[in-house]
Amino acid sequence: MAKKPEDRYQSVDEMRAALFALSNELTMPPGKRADTVDTMLSLGSNIKLVSRRNPLRWIILSIIAGFAGVLAIFAFLNFGNSPKNLIIPADKTNPIKIGILHSFTGSMSDSEQIIVDAYKLAIQEINAKGGVMGRAIEPVRMDGESKDEVFAERARELVADKEICTIFGCCTSGSRKAVQEVVEQNNHLLVYSVNTEGVETSPNIIYLGGDANQTIIPFIKWAYAWGGKRTYFLVGSDYIFPHVVNEMVKDRIENLGATLLGEEYISLDATDVSDVLDKIESTKPDAIINMISGDAQIAFLRGLQKRKIKVTQFATGIGEEVLRKVSYNPLVDNYSCCTYFQSLPSEENEQFVKDFKQAYGDYRVVISSMEVGYVALHMWAQAVEEAQSLEPLKIRDAMLKQEYNGPSGLVSIDHETQYSIRNAYIGLANEEGQFEVVYSSTGRVKPDPYPDDRTQQDWDNLLLDLYRGWGDAWTAPPAE
């Protein structure tokens, strides 16, 4: 209505955003200012607060509502001529809350906090496009402290909060299994974004990381056939994932006619790995199968370098973030079998890496669990939109129908197992701290949580024996 054209609203988008801001201004509780509410545009200096007690408030709101309706009709009639779709700002006054359950302290904190950064990027993108069902996503963060029992306790706190509709979290399989019992008892939902050993299905968990059929099993076949490796030494952290995966590795080694030279386990927070290095030096394997997690991985890699051990290593727990923390070692060929590498050549991945670095800094790198976490949030958002519900199991059912073309390629979910269907890759670490892809699956690989080398009952018995042997826990107790 301004006299000068330059002082008027220049588009319907701009006017609508100003009306949205004014509406917030008029309905704010006493003591709050409208500038605490994120809006697309700030209010003009000529717009004044109206008291909640002012009877004109409702007249003004009615006028706004009516005028907004006229704008909506105008926008609809001109939608085809608009250069871009109108994006309605997400409602931040009534957010959709999700739980973020990861370790922010303890031996796993470095490995888990970076996954949370990927969640945050996805949340920012979703909210910027109007949120989910018109509402902003609000993460509620909980610290698992790198301890299985704390993860279970924090999960109980999250499900007790009736506004939390989904939990995203856990990194080790021990923490996942601790949370599994909680979400199953409460008919809740956990979305897990890290590689898994399998040998488990749950109606209350979506497993979006790679399973053994998408990681370690093609790894061993490739190492034997193309790498010519005939003798192997297995080393891993002392919890459920490495123990179970190494049983799968041993089955494959036996089937191929190769030789197992040794098998050792260390605690997640180990700093002294000299005993394991002594045995590797004495046996001189063609290849190490490395299933170490957490801070102990850095100690192990530095130990190999310090002792100048020349060997080939195959791992699922060495990603770009680990390479950034250790100097390049030309004596060790570090291969990684993952569902994602930062170096993958695709438009989706290039945009993802660019956006991540813009958000967190050019020095940052992206690893597979981060990419999976990013994809997980986007698939979940699609599912909530389809379900039009915040009930955990309705979201689960809708997630099973989703596909997402992410940085690693197209990802979907197997209805029978609730594990992801995705691509598999093998990469060789280079001096730049990245991986050169040396193998890509010819198509997406279906999950197989229970490899047919053994019966499902045999796998279940293995889990039970480990659990009982560790004092009814999924992680071995600290050595005395």
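The model is predicted, with local features requiring pLDDT of at least 70 and side-chain atom pairs counted only at pLDDT 80 or more, while totals for chains, interfaces and linings use all residues. Residues are numbered from 1 along each chain as its sequence is written, and side-chain values use heavy atoms, with hydrogens and water left out.

Helix α3 (residues 109-128) packs with helix α12 (residues 368-387) at an angle of about 35°, their axes lying 8 Å apart; helices here are DSSP runs of H or I with at least four residues, and strands are E runs of at least two, while axes are lines fitted to C-alpha atoms over the stretch in contact, with angles from 0 to 180 degrees between N-to-C directions. Contact, meaning heavy atoms within 4.5 Å, involves I114, Y119 and I126 among the residues of α3, and M370, Y374 and L377 among those of α12.

Helix α11 (residues 347-360) has 14 residues and reaches 20 Å from its first C-alpha to its last, close to the 20 Å expected at 1.5 Å a residue, a span taken as 1.5 Å times one less than the number of residues. Its buried residues (under 20% relative accessible area, with a 1.4 Å probe and protein chains only) include F352, F356 and Y360, and the buried residues of α11 pack against α3 and α12. Just after α11, G361 takes a positive phi of about 120°.

S408 lies in the loop between β11 (403-406) and β12 (409-413) and is buried, with a relative accessible area of 4%. Leaving aside neighbours within four places in sequence, S408 is in contact with residues including Y340, E371 and R422.

Note on methods
Buried < 20%, exposed > 50% of the residue type's maximum accessible area, 1.4 Å probe, protein only.
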